[in-house]
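Me: Hey, I've just opened this one and I'm new to it. Can you walk me through it?
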Amino acid sequence: MPPEPHKTNCRFVAARIRLGVPRADGRRVGERDRQVHFVSLPDDRPAPLVLRTLCGDPLAREVTELLDHIAGMPCVRCLAHVPEARRAAHESRRSA
Ligand SMILES: [Zn+2]
């Protein structure tokens with residue numbers, strides 16, 4: 001069997017912060033704050049405590065919902081990074 005060219009060790013999942021979580025500035029998270037970010041998660045390990053989104057915003061796992069579909073407004077900065085992150089995932093696998 002030839003190796004599968006598109007297989008990687010990580011997957012992209014959509015993630016957003018839960019409603020009502022206190023923010024650093026003292027407000028609580030409302031619908032306006034709930035952009036759907038994309039996170040690259042390792043397949044073979046549990047998700048880290050702080051999820052690093054493709055756009056660079058850290059999301060604490062305990063206040064984050066992982067979605068199996070995109071609901072609501074996607075983060076455009078994350079969307080812009082998807083092709084790049086995909087390529088990086090392929091390259092790190094190849095050199096491993
Ligand atoms: Zn984002």
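Predicted model: local features only at pLDDT ≥ 70, side-chain atom pairs only at ≥ 80, totals over all residues.

Me: How many bridges join strand 1 to strand 5?
Reply: Four, and the two strands run antiparallel, with strand 5 covering residues 64-67. Two strands pair if DSSP finds at least two bridges between them.

Me: And which way do strand 1 and strand 2 pair?
Reply: Antiparallel, over six bridges, between residues 10-17 of strand 1 and residues 37-42 of strand 2. Within that pairing, Ala14 stands opposite Phe38 in strand 2.

Me: What order do the strands take in the open sheet?
Reply: The order is 2-1-5, three strands with antiparallel pairing. Strand 2 and strand 5 are the edges, each pairing on one side only. Neighbouring strands in this sheet are turned by 45 degrees against each other on average, direction ignored. For that angle, axes are lines fitted to C-alpha atoms, for helices over the stretch in contact, and angles run from 0 to 180 degrees between N-to-C directions.

Me: New topic: where is Val36 found?
Reply: In the loop between strand 1 and strand 2.

Me: Why does Val36 count as buried?
Reply: Because Val36 has 20 C-beta neighbours inside 10 Å. A residue is buried if 20 or more other C-beta atoms lie within 10 Å of its own, exposed if 12 or fewer, and partly exposed in between, with C-beta atoms placed from the backbone.

Me: What is Val36 in contact with, leaving aside neighbours within four places in sequence?
Reply: Its partners include Ala14, Arg16, Leu67, Ala71 and Cys75. Contact here is C-beta atoms, placed from the backbone, within 7 Å. Val36 and Arg16 are 20 residues apart in sequence, yet their C-alpha atoms are 4.9 Å apart.

Me: Ala71, then: buried or exposed?
Reply: Ala71 counts as exposed because 12 C-beta neighbours lie inside 10 Å. Ala71 is found in the loop between strand 5 and helix 1 (76-95).

Me: Which residues make up the largest nonpolar core?
Reply: Five: Ala15, Phe38, Val39, Leu54 and Cys78. Such a core is a set of buried Ala, Val, Leu, Ile, Met, Phe, Trp, Tyr and Cys residues joined through C-beta atoms within 7 Å. Not counting residues up to four places away in sequence, Ala15 touches Val39, Leu51, Leu59 and Leu66, among others.

Me: What about Val13, what does it touch beyond four places in sequence?
Reply: Val39, Leu41 and Leu66. Val13 is found in strand 1 and is partly exposed, with 15 other C-beta atoms within 10 Å. The C-alpha atoms of Val13 and Val39 are separated by 5.4 Å, though the two residues are 26 apart along the chain.

Me: Last one: what share of the 96 residues count as buried?
Reply: 11% of them. As for contacts between residues at least 6 apart in sequence, 59% join residues at least 24 apart.

Key: Residues numbered from 1 in each chain as written. Contact = placed C-beta atoms within 7 Å.
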